[in-house]
Amino acid sequence: MPYAAICYRVKPGNEDRIAEIFAGFQRMSTPQAPAGNGDEGARLLGTAVFVQEDVVVRIVHYEGDFAAVGRHVGAQRGVHLIEEALAPYLVEQRETVTEEGFARYFADATMRCVSQLSVADHPNAR
């Protein structure tokens with residue numbers, strides 16, 4: 001079950017305000033992310049958000065197609081409320097009003113994964 005990290009820059013000195021914004025996050029309507037053709041494309045297993053100074057990192061734990069996760073997240077009202085509240089604090093504005101725009105931002109802001117380890121893959125896990 002992979003993880004992805006979405007990174008973006010915010011104006012320094014706003015860590016507490018950003019924490020307040022995410023504290024009010026409205027959960028997804030469902031963790032199931034359709035593929036677009038009616039099949040189940042992915043399932044969102046969990047998320048976490050970290051902020052330090054001018055960097056915000058959103059960790060996404062999922063299974064399936066990550067592009068389907070991006071489309072699904074972009075269709076959620078709670079995500080658009082967060083995006084609207086974050087806008088004044090972003091260093092670089094982004095087009096996230098539409099589902100397509102959000103999915104594009106989601107893909108572009110994804111950090112390169114260099115390692116993912118799990119206890120399930122550990123040779124001494126049993």
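Which residues is Tyr-8 in contact with, leaving aside its neighbours within four places in sequence? Select Tyr-8 and you'll find Phe-22, Asp-54, Val-55, Val-56, Arg-58, Leu-86, Leu-90, Arg-94 and Tyr-105, where contact means heavy atoms within 4.5 Å.

A bit of housekeeping before moving on. This is a predicted model, with local features needing pLDDT of at least 70, side-chain atom pairs counting only at pLDDT 80 or more, and totals for chains, interfaces and linings using all residues. Numbering runs from 1 along each chain as its sequence is written, and side-chain values use heavy atoms, with hydrogens and water left out.

**Stop 1: the aromatic pairs**

Searching the whole structure turns up 2 aromatic pairs; rings of Phe, Tyr and Trp (its six-membered ring) pair if their centres lie within 6.5 Å, and planes under 30 degrees apart count as stacked, over 60 as edge-to-face and the rest as tilted. Show Tyr-8 with Tyr-105: the ring centres are 6.3 Å apart and the planes sit at 70°, so this pair is edge-to-face. The pair links distant parts of the chain, with Tyr-8 in strand β1 (residues 3-9) and Tyr-105 in helix α4 (residues 99-108), 97 residues apart. Helices (H or I, at least four residues) and strands (E, at least two) are DSSP runs, numbered from the N terminus.

Tyr-8 counts as buried at 6% relative accessibility, and Tyr-105 counts as buried at 9%. Buried here means under 20% relative accessible area, exposed over 50%, and partly exposed in between (1.4 Å probe, protein chains only).

Now jump to Tyr-62 and Phe-66, whose ring centres are 4.9 Å apart with planes at 45°, so that pair is tilted. Tyr-62 is buried at 10% relative accessibility, and Phe-66 is buried with a relative accessible area of 17%.

**Stop 2: Arg-94**

**Stop 3: the core**

Next, color the largest nonpolar core, which has 26 residues. A nonpolar core is a set of buried Ala, Val, Leu, Ile, Met, Phe, Trp, Tyr and Cys residues joined through side-chain atoms within 4.5 Å. Ile-6, Tyr-8, Val-60, Phe-66, Val-69 and Phe-106 touch the most other members. The elements giving two or more residues to this core are β1, α1 (15-23), β3, β4, α2 (66-74), α3 (77-86) and α4. The largest share, 4 residues, comes from α2.

**Stop 4**

Select α3 and pick out its buried residues, Gly-78, Val-79, Ile-82, Glu-83 and Leu-86. They cover an arc of only 140° around the axis, so they lie on the same side of α3; the arc is that of the directions from the helix axis to the C-beta atoms. What covers them includes β1, α1, β4, α2 and α4.

In α1, go for the buried Ile-18, Ile-21 and Phe-22. Their arc is only 90°, which puts them on the same side of α1. The face turned away carries the exposed Asp-16, Glu-20 and Ala-23.

**Last stop: a loop**

Finish at Glu-53, in the loop between β3 (40-52) and β4 (55-64). Check its phi: near 50°, a positive value in a residue other than glycine.
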